[in-house]
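Hello,

I am passing on the structure we talked about, so that you can look around in it yourself. Below it you will find my notes on what turned up.

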Amino acid sequence: MAHLWIALGSNLGVRIRNLAYAVNALREEFVLLGISSVYETEPWGVEGPQPPYLNAVLHADAGDLAPEEVLERLERIEGALGRDPAEKGKFLPRPLDADLLLYGDVVWRSSRLVLPHPRMWERPFVLRPLLDVSPDVRDPLSGETALSFWERLREVDRGGIRRWFSAEDLLRLADLLRGN
Ligand SMILES: Nc1ncnc2c1ncn2[C@@H]1O[C@H](COP(=O)(O)OP(=O)(O)OP(=O)(O)O)[C@@H](O)[C@H]1O
Ligand SMILES: Nc1nc2c(c(=O)[nH]1)N=C(CO)CN2
């Protein structure tokens, strides 16, 4: 079994609906092992004003999908929600961003995929939800845990985050959208 962790973010459209849609799409591809609460977070590292984001993290079993196949699935889900591929990598507002944070302890560098996600350990909007599902998960490069990265963040960065929706309510909303 290959454990993977995925970060979801949305700051355009009906953000919680976008996350619930992504949860359903991911449940069709992977066995979900854990899901965080949804956090409302200040835009981080962007130029100029942007709407606040909703962020969450999912832990799943990748089955027999290789890392680049997982990335393809994530891009497909982003596209289904109207993400413009031409705007990728530009830190623009988006209906859905789905990043592959970790694939087990794989260290990988290709033109399309870098693992672990190169900016994950410095991002409060990734670390806070990651603490809900896997506080002890380790950076395969340094061996440090998610919790210790979080504790090293500056107070001001940890402050721009608030719990907005529970994991249970996100799953309930996803079920409603799916018609269950
Ligand atoms: N671990 C990864 N997860 C997702 N995309 C990755 C990863 N490593 C490299 N990429 C590449 O990064 C490119 C830009 O991705 P994306 O649009 O998600 O960027 P972004 O969300 O604007 O910024 P960031 O990647 O810093 O979150 C993608 O086309 C993808 O090929
Ligand atoms: N709060 C927050 N800030 C961001 C986010 C995000 O998901 N949440 N994603 C970014 C690019 O991936 C850049 N900045």
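Leaving aside residues up to four places away in sequence, A25 touches I77 and A80. A25 and A80 stand 55 residues apart in the sequence, yet their C-alpha atoms are 9.7 Å apart in space. Please keep in mind that this is a predicted model. A25 belongs to helix α1, and it is buried, since 20 other C-beta atoms lie within 10 Å of its own and 20 or more is the cut-off for that label.

Let me stay with α1 for a moment. This helix has 15 residues, which at 1.5 Å a residue should span 21 Å, and the distance between its end C-alpha atoms, 21 Å, agrees.

Next comes α2, which runs over residues 67–80. Which residues of α2 are buried? They are P67, V70, L74, I77 and E78. These residues cover an arc of only 100° around the axis, so they sit on the same side of α2. As background, an α-helix has 3.6 residues a turn, so residues three or four places apart point the same way. On the other side of α2 you will find R76 and G79, both exposed. The cover over the buried residues of α2 includes α1 (15–29) and the strands β1 (3–10), β5 (97–103), β6 (108–109) and β7 (114–115). Just after the helix, G82 has a positive phi of about 90°.

G179 follows α6, and its phi is positive, near 90°.

One peptide bond is worth a visit as well. L115 and P116 are joined by a cis peptide bond, with omega about -10°. P116 is in the loop that links β7 to α3 (124–133).

Now to ligand 2. The residues around it are G9, T41, E42, P43, W44, G45, V46, Y53, N55, F91, D97 and F125. Sorted by class, this shell has six nonpolar, four polar and two charged residues.

Finally, the chain as a whole. It has six helices and eight strands, and from the N terminus on they follow the order β-α-β-β-β-α-β-β-β-α-α-α-β-α. The radius of gyration is 15 Å, close to the 16 Å that the globule rule gives for 180 residues, so the chain is as compact as a globular protein of that length. The C-alpha trace spans about 45 × 40 × 35 Å along its principal axes. Of the 180 residues, 36% count as buried. Among contacts between residues at least 6 apart in sequence, 72% join residues at least 24 apart.

Enjoy exploring, and do write back with any questions.

Best wishes

Terms used:
Residues are numbered from 1 along each chain as its sequence is written. Chains are lettered from A and ligands numbered from 1 in the order in which they are written. This is a predicted model: local features need pLDDT of at least 70, side-chain atom pairs count only at pLDDT 80 or more; totals for chains, interfaces and linings use all residues. A residue is near a molecule or strand if its C-beta atom, placed from the backbone, lies within 6 Å of it. Ala, Val, Leu, Ile, Met, Phe, Trp, Tyr, Cys and Pro count as nonpolar, Asp, Glu, Lys and Arg as charged, and the others, Gly among them, as polar. Helices (H or I, at least four residues) and strands (E, at least two) are DSSP runs, numbered from the N terminus. The radius of gyration is taken over C-alpha atoms; the globule rule is 2.2 Å times the number of residues to the power 0.38. A residue is buried if 20 or more other C-beta atoms lie within 10 Å of its own, exposed if 12 or fewer, and partly exposed in between; C-beta atoms are placed from the backbone. Two residues are in contact if their C-beta atoms, placed from the backbone, lie within 7 Å. The expected span of a helix is 1.5 Å times one less than its number of residues. The arc is that of the directions from the helix axis to the C-beta atoms.
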